[in-house]
Amino acid sequence: MKRPFTRRSLLGRLAAATACLVVAPAVRAAKAAVKTVLVSTGAPKGYDPTQHKWLMVVDVNRCIGCGLCAEACKLENHVPEGPFYRTWIERYIIKKPEPGSGETHGEVLVDSPAGGMNGFHDVPVPADDILQSFFVPKLCNLCEHSPCVQVCPVGATFDAPDGAVLIDPKYCIGCGFCIQACPYGCRFMNPVTHTAEKCTLCYHRISRGLKPACVEICPTQARIFGDLKNPEPDDPIEAFVRNNKVQVLKPHLGTEPRVLYAGIDREVR
Ligand code: SF4
Ligand code: SF4
């Protein structure tokens, strides 16, 4: 079931979730790890993670599949060469239904060559067979109830108070449980450090008042980044959520993502 988001409902759920977190044993461990936020994430000394609650909106209607965001992320975060991505672009091609089938659409093809970093140049289906096609940028979904945090046996991955889901590589033992637990496929094992890795929203940037690299470079403003606690007077998230229907990926899982999508088809997974 798709659930529309409003700032009020989001804040209400965040408040309820925060109350639950106070008693959750897993989060007690995580809170200890949060103390290391300033040293393990590259955040500057004066950054107070309790004063922010980050979120991102992805407007699928605006994404042109250029891949600049994925490329910028790799460079900014020193992601290893090869098939490792903190953010990537998926192309969805929905084929027309077979004549007489009675279906509303045909086969759904999803691909992401090189994480979409080089754009999408080849179309694997004749144009006449395509009912609809679009691009879906993917990244950490900033779950309020993060499965990856719940399964980490050593508290190496944790929910920061500002909503970022982070990993302290000093404590990561490389067991891979979090990679299996993430329902969005957002984690991978770094082949160099042999620790788990993921999108941090460019924590070293946002903690200095900058936007994540993917947001900064997007030429169409398909990615909108904001702070629920410190909205600007003309807060772009506020205006966007007010004027558009936004949804989350896999809402049935109850992970309560704080990455919201506008314009996604029901075929997106
Ligand atoms: S790979 Fe690292 S972060 Fe992931 S569950 Fe294992 S110890 Fe925790
Ligand atoms: S940079 Fe923007 S338009 Fe280009 S693929 Fe990424 S989200 Fe889409």
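In which sense do strand 2 and strand 4 pair, and over how many bridges? Strand 2, which covers residues 88–95, pairs with strand 4 in the antiparallel sense over eight bridges. Strands here are DSSP runs of E with at least two residues, helices are runs of H or I with at least four, and both are numbered from the N terminus; two strands pair if DSSP finds at least two bridges between them.

This is a predicted model, in which local features need pLDDT of at least 70 and side-chain atom pairs count only at pLDDT 80 or more, while totals for chains, interfaces and linings use all residues. Residues are numbered from 1 along each chain as its sequence is written, and chains are lettered from A and ligands numbered from 1 in the order in which they are written.

One of the bridges joins Ile94 to Gln132 in strand 4.

Ligand 2 is surrounded by 15 residues, the closest being Cys63, Cys66, Cys69, Cys218 and Ala222; a residue is near a molecule if its C-beta atom, placed from the backbone, lies within 6 Å of it. This shell divides into eleven nonpolar, three polar and one charged residue.

Around ligand 1 there are 15 residues, of which Cys152, Cys172, Cys175, Cys178 and Ala196 come nearest. The shell of ligand 1 has eleven nonpolar, four polar and no charged residues.

Note on methods
Ala, Val, Leu, Ile, Met, Phe, Trp, Tyr, Cys and Pro count as nonpolar, Asp, Glu, Lys and Arg as charged, and the others, Gly among them, as polar.
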